[in-house]
Amino acid sequence: MALILGLESSCDETAAALVTSDRRIIAHTLAGQEAAHRPYGGVVPEIAARAHVEVMAPLVEAALAEAGITLADVDAIAATAGPGLIGGVMVGLVTGKALALASGKPLVAVNHLEGHALSPRLTDPDLAFPYLLLLVSGGHCQLLLVEGVGAYRRLATTIDDAAGEAFDKTAKLLGLGFPGGPAVEKAAALGDARAVPLPRPLLGSAEPHFSFAGLKSAVARVVGQYSAQDVAASFQQAVVDCLIDRTRRALASVDATALVVAGGVAANASVRGALQALATEHGLRFVAPPLWLCTDNAAMIAWAGAERFAAGLTDPLDFPARPRWPLDPDAEKVRGAGVKA
Ligand code: KG4
Ligand code: ZN
């Protein structure tokens, strides 16, 4: 059994967690920055980096105190090394390096996307490789065949905006505030999903990818003509239709043990419900992490660290922070794609 300390700071959440290789979450701490970014309607990188600096060390101390242990009891230190906002990534990575150096414990540099990709295995011991993963977050929208730790085959990605980005922009257009995803979901619950005609970009397309920019522009054109609730509901349904269509296409080309969803947008009940139905239709198990593990957190980084540590994968202390870091280095480049995960 190994005990891993995980650190996360790639976007607007600072977090530290202690997780064991036998799937026990010993402690997890998290500080969001929503209030700091709300006046700007989005994440401001410089404000985010400064906030990470202020709370990272106290959060590590709080996690160790919650567990009643010291750094000497930890087997390895895992820190997000990218992709993400470079200032924030550096705060967590440098903290991880300093703790590793001071304690003599190995460093595991974790790809934030790998944290999301492996997080379903933290809470589901039966989830075996290979599984088809829909990774939907604020910066990414990808379909990946997860073949093993460190082995990811990207089947599709967005050619413009990520799904979470579309939720956030729709929320902004509707004046629903920040962060947008939960606000749109709440408004959508009170609206009619058939009220507003909206496009479903690339639906039925022979190419595997996603696109949400046209949907976002269409939302901008109808704002004011319908109630915010009806726009939110119709928008959410359009996103769900696109996600399901693309995932169904990918399912036809792979042999997977399960259909899995991860990332912030996986917290959306309509997205989860539609994916569950799709999995049932294919006779597959559907696996989704609990809501708090879908949005950014350090338990998923500690868990990815545990999986890598068990595979003998540790990293040198000069490992660089990587603002861009694709999970599948062999995947063809597609235009668009954000930097956060
Ligand atoms: O993975 P995540 O916490 O952060 C990164 O992007 O790395 O994902 C955040 C994204 C945001 O775009 C947010 O609006 C979206 O996930 N999100 C949701 C929901 N909760 C969070 N989107 C739709 N419905 C939700 N309930
Ligand atoms: Zn993320």
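**Reading a domain interface and its salt bridges**

Analyst: Happy to. Let's start with a count: between domain 1 and domain 2 there are zero salt bridges, a salt bridge being a side-chain nitrogen of Lys or Arg within 4 Å of a carboxyl oxygen of Asp or Glu. Before we go on, this is a predicted model, in which local features need pLDDT of at least 70 and side-chain atom pairs count only at pLDDT 80 or more, while totals for chains, interfaces and linings use all residues. Residues are numbered from 1 along each chain as its sequence is written, chains are lettered from A and ligands numbered from 1 in the order in which they are written, and side-chain values use heavy atoms, with hydrogens and water left out.

User: Where do the two domains run, and how far apart are their C-alpha centres?

Analyst: Domain bounds come from an automatic or database domain assignment. Here domain 1 covers 3-116 + 293-310 and domain 2 covers 128-290. Their C-alpha centres lie 27 Å apart.

User: How many residues of each domain are in contact, and what area do the domains bury between them?

Analyst: The size of an interface is often given as the accessible area lost when the parts come together. Buried area is that loss (1.4 Å probe), summed over both parts. Domain 1 and domain 2 bury about 1400 Å² between them, with 69% of it on carbon and sulfur atoms. On the domain 1 side, Leu113, His116 and Cys294 supply 40% of the area buried against domain 2, more than any other three residues. Counting contacts (heavy atoms within 4.5 Å), 17 residues of domain 1 meet 16 residues of domain 2.

User: Which polar links and which elements should I look for there?

Analyst: A polar contact is a pair of N or O atoms within 3.5 Å; within protein, one must be able to donate a hydrogen and the other to accept it, and residues adjacent in sequence count only if both atoms are side-chain atoms. Six residue pairs are in polar contact between domain 1 and domain 2, both residues at pLDDT 80 or more. For elements, helices (H or I, at least four residues) and strands (E, at least two) are DSSP runs numbered from the N terminus. Those giving two or more residues to the domain 1 side that touches domain 2 are α1 (34-37), α4 (112-123), α10 (291-294) and α11 (299-310). The largest share, three residues, comes from α4.

User: How many salt bridges does the whole structure have, and is Arg121 buried or exposed?

Analyst: A search of the whole structure finds 14 salt bridges. In one of them, Arg121 pairs with Glu307, the closest N and O atoms being 2.7 Å apart. The pair links distant parts of the chain, with Arg121 in helix α4 and Glu307 in helix α11, 186 residues apart. Arg121 counts as buried because its value is 12%, and Glu307 is buried at 10%.

User: What about the pair of Asp22 and Arg24?

Analyst: Asp22 forms a salt bridge with Arg24, with 3.4 Å between the closest N and O atoms. Asp22 has 43% relative accessibility, so Asp22 counts as partly exposed; Arg24, at 41%, is partly exposed too.

User: Where is His140 found, and what does its side chain touch?

Analyst: Look in the loop between β6 (131-136) and β7 (141-148). The His140 side chain makes a polar contact with the side chain of Gln142 (3.3 Å). His140 is buried, at 9% relative accessibility.

Technical notes:
Buried area = accessible area lost by both parts, 1.4 Å probe. Buried < 20%, exposed > 50% of the residue type's maximum accessible area, 1.4 Å probe, protein only.
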